[in-house]
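Hi everyone, thanks for having me.

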Amino acid sequence: MSKKVFWGIIIGIIVFATLAATRSAWMNIDNLTFLRSYIKKVNILPEEKNLTFEKSCSACHTLYAPGLLPARSWKVMMSGLSNHFGDNAEMEAKNRDEVSAYLQRNAADVVENIYSEQLLLSIKPDESPLRFTDTSYFKLLHDIVHPDMVIGNPDVKSIARCDVCHKETLEGRYNRFAVQIPNYYKEGVWKKGVARPYTEGENTGAVQGSEQRE
Ligand code: HEC
Ligand code: HEC
């Protein structure tokens, strides 16, 4: 065996052993402080506000941010409000046009934030999804959310009720470190049990634990 190969193997073993020994630190993204402070700041809401939109589109569900769908999707949705997911959400033509224009002006393909950008990457240019929750990006983000936590959970029922789990939905933030799922708590993974009370700015379950250990 040449000297080069010998030292190559020794260095390889040292690097591997170091990574293995510190595995729990770098495998757990909850420990990455820079990621946490970055995500805390991501905000999907546009600067432009619109009262007509806020009033008419929050009557039946939480107010969805315009940046959750591309302009072409909003256009399709706003031209078919009489059958809106089985409901009649029709409104005065003047208001409808105002809201439609507002949504398209602030849609995912216009505003700049990481959620809208990732969403756009996950849908084909010729697709106009009407549900953010149907996109592969949303499904990827929520793959740890089991149907039992949603459909089988009397306090959630629908994954479209963002505000139930993301308490800062109306402020435009979906920080994964501040998620609260009713009747579940997080201890490494989500477990069935009494949810911990939510306090502003506080992180949940495992995150708290790992901070205490530091
Ligand atoms: C009459 C009640 C009603 C009104 C008013 C209404 N919606 Fe809805 N909307 C619904 C229902 C019901 C659903 C399906 C919810 C579910 O699956 O849990 C829905 C779903 C949605 C979704 C899909 C959410 C997802 O990703 O799964 C979007 C987007 C949406 N509405 C936007 C709007 C906008 C924009 C307005 C205002 C123009 C509006 N809604 C007004 C009843 C309403
Ligand atoms: C049943 C609870 C629940 C509901 C309802 C829910 N989410 Fe989530 N969401 C989660 C969980 C849990 C995560 C974190 C996943 C993880 O840690 O990998 C998450 C993560 C996210 C993220 C990524 C956050 C980050 O830190 O980057 C976004 C964006 C998001 N959700 C948007 C939404 C939107 C928009 C809706 C409504 C259409 C919604 N969620 C409904 C539980 C929920």
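Okay, let's begin with strand β1, residues 184-187: Tyr184 and Lys186 sit on its covered face, while Tyr185 and Glu187 sit on the uncovered one. As a general point, side chains in a regular strand alternate between the two faces of the sheet. When I say strand, I mean a DSSP run of E with at least two residues, and a helix is a run of H or I with at least four residues, both numbered from the N terminus.

Before I go on, a word on what you're looking at. This is a predicted model, where local features need pLDDT of at least 70, side-chain atom pairs count only at pLDDT 80 or more, and totals for chains, interfaces and linings use all residues. Residues are numbered from 1 along each chain as its sequence is written, and chains are lettered from A and ligands numbered from 1 in the order in which they are written.

Back to the strand. β1 pairs with β2, residues 189-192, in the antiparallel sense, over four bridges; strands count as paired if DSSP finds at least two bridges between them. Glu187, for example, has Val189 in β2 as its bridge partner. Together the two strands make a hairpin with one residue between them, and Gly188 in the turn has a positive phi of about 80°.

Now zoom out. The protein has eleven helices and two strands, and along the sequence the pattern reads α-α-α-α-α-α-α-α-α-α-β-β-α. Of its 214 residues, 17% are buried. Buried means 20 or more other C-beta atoms within 10 Å of the residue's own, exposed means 12 or fewer, and partly exposed is in between, with C-beta atoms placed from the backbone.

Next up, helix α7, residues 114-122. Which residues are buried there? They're Tyr115, Ser116 and Leu119. Looking down the axis of α7, those buried residues fall within an arc of 95°, so they line one face of the helix; the arc is taken from the directions from the helix axis to the C-beta atoms. On the face turned away from that buried side you'll find Ile114 and Leu121, which are exposed. As for what the buried residues pack against, that's α8, residues 136-141.

Let's pick out Tyr115. Why does Tyr115 count as buried? Because 22 other C-beta atoms lie within 10 Å. Leaving aside neighbours within four places in sequence, Tyr115 is in contact with Val42, Ile44 and Gly67, where contact means C-beta atoms, placed from the backbone, within 7 Å. Gly67 is 48 residues from Tyr115 in sequence, yet their C-alpha atoms are 8.1 Å apart.

Last stop, the ligands. A residue counts as near a ligand if its C-beta atom, placed from the backbone, lies within 6 Å of it. Around ligand 1 there are 16 residues, and Cys57, Cys60, Ala89, Thr133 and Ser158 come nearest. Around ligand 2 there are 24, with Cys162, Cys165, Tyr174, Arg176 and Val179 nearest. Which helix gives the most to the shell around ligand 2? That's α10, with three residues. This shell also draws at least three residues from each of domain 2 (44-132) and domain 3 (142-214), with the bounds coming from an automatic or database domain assignment.

How values were computed
Two residues are in contact if their C-beta atoms, placed from the backbone, lie within 7 Å.
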